[in-house]
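Me: I am new to this model and would like to learn how to read it step by step. Could you take my questions in turn, giving the general idea before the particular case?

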Number of protein chains: 2
Amino acid sequence: MFESAEIGHSIGHKEYEDALPALLEGLLDAQYALKEQARFPVIVLINGIEGAGKGETVKLLNEWMDPRLIQVETFDVQTDEELARPPEWRYWRRLPPKGRMGVFFGNWYSQMLQARVAGEIKDAGLEQAIDAAQRFERMLCDEGALIFKFWFHLSKKQMKTRLKVLAEDPLRSWRITPLDWQQSKTYDKFVRHGEHMLRQTSRDYAPWYIIEGNDQNYRALTVGRLLLEGLQAALRTPADKPEQPHAATIGANLEEHQLLASLNMRQVLEKDHYQRQLTLEQARLAGLMRHKRMRRHALIAAFEGNDAAGKGGAIRRVAAALDPRQYHIVPIAAPTDEERAQPYLWRFWRHIPPRGKFTIFDRSWYGRVLVERIEGLCSPADWLRAYGEINDFEETLVRNGVVLVKFWLAIDKDTQLARFEEREKIPHKRFKIGPEDWRNREKWAQYSDAVGDMVDRTSTQLAPWTLVEANDKRFARIKVLRTLNDALAAVLEKE
Amino acid sequence: MFESAEIGHSIGHKEYEDALPALLEGLLDAQYALKEQARFPVIVLINGIEGAGKGETVKLLNEWMDPRLIQVETFDVQTDEELARPPEWRYWRRLPPKGRMGVFFGNWYSQMLQARVAGEIKDAGLEQAIDAAQRFERMLCDEGALIFKFWFHLSKKQMKTRLKVLAEDPLRSWRITPLDWQQSKTYDKFVRHGEHMLRQTSRDYAPWYIIEGNDQNYRALTVGRLLLEGLQAALRTPADKPEQPHAATIGANLEEHQLLASLNMRQVLEKDHYQRQLTLEQARLAGLMRHKRMRRHALIAAFEGNDAAGKGGAIRRVAAALDPRQYHIVPIAAPTDEERAQPYLWRFWRHIPPRGKFTIFDRSWYGRVLVERIEGLCSPADWLRAYGEINDFEETLVRNGVVLVKFWLAIDKDTQLARFEEREKIPHKRFKIGPEDWRNREKWAQYSDAVGDMVDRTSTQLAPWTLVEANDKRFARIKVLRTLNDALAAVLEKE
């Protein structure tokens, strides 16, 4: 979930300065339209890692916009008055009215996360708090509120570096609080519970945005643009459709530096080396599938990737290791009539393997947030809520003993072109290429954005995405096999 | 929550036979329109007390409608195939397709409730199951499904009587299973956890309907009419608004025998008796409010009732017992501008008392499901979701130490007329009556229905409604004071 917030996004000074004037103008316009229409309030929740620039970003927002229309609220120590009432009271009393924006620091999410990390509550307590937060936000949105939830992120390494830099700077070392040092120790816990919390509470009507916090230009511009886009979309919503949730659009495409672009696509594997490893990993997979603990588990692998990225070849290398009675390959194409008469996930549920078996999905339930999103085959509301539904679906699988592995096979644009041309030339490969593939290719950038959003929203600790650098087919196949084996071994051999 | 399902509803043979033909025709028509449009599936969940007529009612539905378009599913013992997969799989595989109706016996609610009553899971486990059910149903509704949830109810006494009758009838005694006898022992647990489950999962898009199961004509006709009404409403929903939840309308007004009508309105209190008790209960209230444990609690009383039912007089008798610094009276009228700019519940949250204090709401948050519903001051979606929001709100209060008491002061129509006329005659009472009161009076039946729905959906173990027979003002005042005192004493003196 935090993958694309750990790849070192940054925006140079010039680019930042160039982008700023239009952004500021847009934000101010939106803010006055918000005030004018007075149809809904805006609630901005600020959460994340200490030192990831939460405070600085909010400060900037106040400089960019009209601060008279923004109320910044912090919720650290409860006042006497607050202590005498239910804890929710202090949020209610500071809700911004329609037409205004409230920025909530140290909100319900910080409270529950701190309590969980400190061990004051257990998992059950966290679940209850998550449930309460969902009901509260659902109610706010039903009442028309536009909610933005920002998680400012730093990788563990970035966090430690930042603390070190600050500590060595006599002018700034005062900014390190004991809490910072403490969090550097509890980082892993904080992020693990934080991810769970984000996954459960990222809903179509109030999604989380994860902001890499390392570079101040990047984080400020990203937050500013997300706010602007979401505000403009909500202000355009017709007044007679208040029931429409104000889903801020997803904004992975805010700058060039994307998750996929951060992959090292030059990785290759020599033929000899490949043959040896292939034999080895296939034997390992065959062995693991016969492991006696496999009786308690099932295995699911979902393959997604660019056209011509080599999904078929990779799947064949996996299948070759196994007895055909052990696995099923489910190619996902357009839904049948029967499938269209059911909820979206039905056509995947019907192929869930029993314990001991393995199902390989050649394309998967992610079609909804990839091709269906881009081709407009479903409404934005449908694919926006699909992230949450997919996370619920995968959580159900994993909690019931399914080992779930998800692959995105990535190639670059040139490699795809070369493969398309090769397919058109070679007779027995010609069936693998058609006009649709060329059309999809024209939407390369849109697909890259959609993949970024998908990984951000659905790569979870329980069911992480594996991005496979697939320019070199041999490298990709071995990475796929090894990832499968490692995932299986982690479950079967730990028990 | 089960109050109005324990008052002995019944429908006579003739009335039943007269109503049947139109109902059957309507149901068949709706069923074929459903098939024709094939826009959404219908899922009917059957739950409740053993012996309350679940099976018989479903059997009847199959006789009334075209059984080829209904699939009845039971989920008791899991098959081998089901055991080998996540538990959710068996629900997914039996979902009805668009255009069809699926009747689910022994569904997720029965599973979680049985597990909780048997102690296989604890409260935290029940919460998780409730949360999962909500997500699942939300998803189904987002995908267009129309969900009906029926809870067939019997009071403990009714249940025992029924078992006895069956046991004594040699032709029917085989129908008593060991489970029945077992449930008669676990009745209290079953109903307590059941109520919690219903409260948490009764949402605007998939509300629960509680059906008194004692009389077979009543329960069959009620279920049939609710199905018909809900189906017709959903079939009328324009196809271009699929995002609209198919909320079945609420149907308390299906027959004459209502909760309010079951009150004994003849109760009176002689003047001497009244004076003694008034002094006694006022002294008791004053003492309880000074109880040292009151420092950990707050008290809230919400007064609702018919116009001229005597709310003001009752409130004055309560206040007279106390030091004015201990309480606030909050009269609820039309919202201010500031309140209109906030979510509905905000104007009540702002008056939540701190620990040690007492707030009296003269009319309350129930305005949304009473006057706002009837006068069309909010949309049906708004008041339909208000029941859930109110239950969440009250649960938050009670879990945080607030003692919450809710009164409905009921008078009959003649008594109201007499009091209206009296008010018009007596100069110092004239300010208490206006054209609006006469207009409201014309909507007497609508208000009665709304009160029935309100009590059904919001009278919970945590925050029960107290219905006060208020034809006799003295009787009403004493009942109010005593109820307040008992509620306070139950909390303060048990610790």
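Me: Why are A:E389 and A:R385 separated by about one helical turn?

Reply: The two residues are four residues apart in helix α15 of chain A, and therefore about one helical turn lies between A:E389 and A:R385; a helix here is a DSSP run (H or I, at least four residues), strands being E runs of at least two, and both are numbered from the N terminus. Please keep in mind that this is a predicted model, in which local features need pLDDT of at least 70 and side-chain atom pairs count only at pLDDT 80 or more, whereas totals for chains, interfaces and linings use all residues. Residues are numbered from 1 along each chain as its sequence is written, chains are lettered from A and ligands numbered from 1 in the order in which they are written, and side-chain values use heavy atoms, with hydrogens and water left out.

Me: What do A:E389 and A:R385 form?

Reply: Side chains of opposite charge can pair when their charged atoms come close. In this case A:E389 and A:R385 form a salt bridge, with the closest N and O atoms 2.5 Å apart, the term standing for a side-chain nitrogen of Lys or Arg within 4 Å of a carboxyl oxygen of Asp or Glu. Both A:E389 and A:R385 are buried, where buried means under 20% relative accessible area, exposed over 50%, and partly exposed in between (1.4 Å probe, protein chains only).

Me: Which distant parts of the chain does the pair of A:R199 and A:E395 link?

Reply: The side chains of A:R199 and A:E395 meet in a salt bridge at 2.7 Å, N to O. This pair joins helix α8 (residues 178-201) of chain A, where A:R199 lies, to helix α15 (residues 380-399) of chain A, where A:E395 lies, the two being 196 residues apart. Both A:R199 and A:E395 are buried.

Me: How much area do chain B and chain A bury between them?

Reply: The size of an interface is often given as the accessible area lost when the parts come together. Here chain B and chain A bury about 4,100 Å², 52% of it on carbon and sulfur atoms, buried area being the accessible area (1.4 Å probe) that two parts lose on being put together, summed over both. B:W92, B:R135 and B:W349 supply 17% of the area that chain B buries against chain A, more than any other three residues. The contact, meaning heavy atoms within 4.5 Å, takes 47 residues from chain B and 48 residues from chain A.

Me: How are the two copies related?

Reply: Two copies of a chain are related by a rotation about an axis and a shift along it. Chain B can be laid on chain A by a turn of 180° and a shift of 0.0 Å along the axis, with an RMSD of 0.0 Å, when the copies are superposed by least squares on the C-alpha atoms of residues with pLDDT of at least 70 in both. The two copies are therefore related as by a two-fold rotation axis. In chain B, the C-alpha nearest the axis belongs to B:A124, at 3.0 Å from it.
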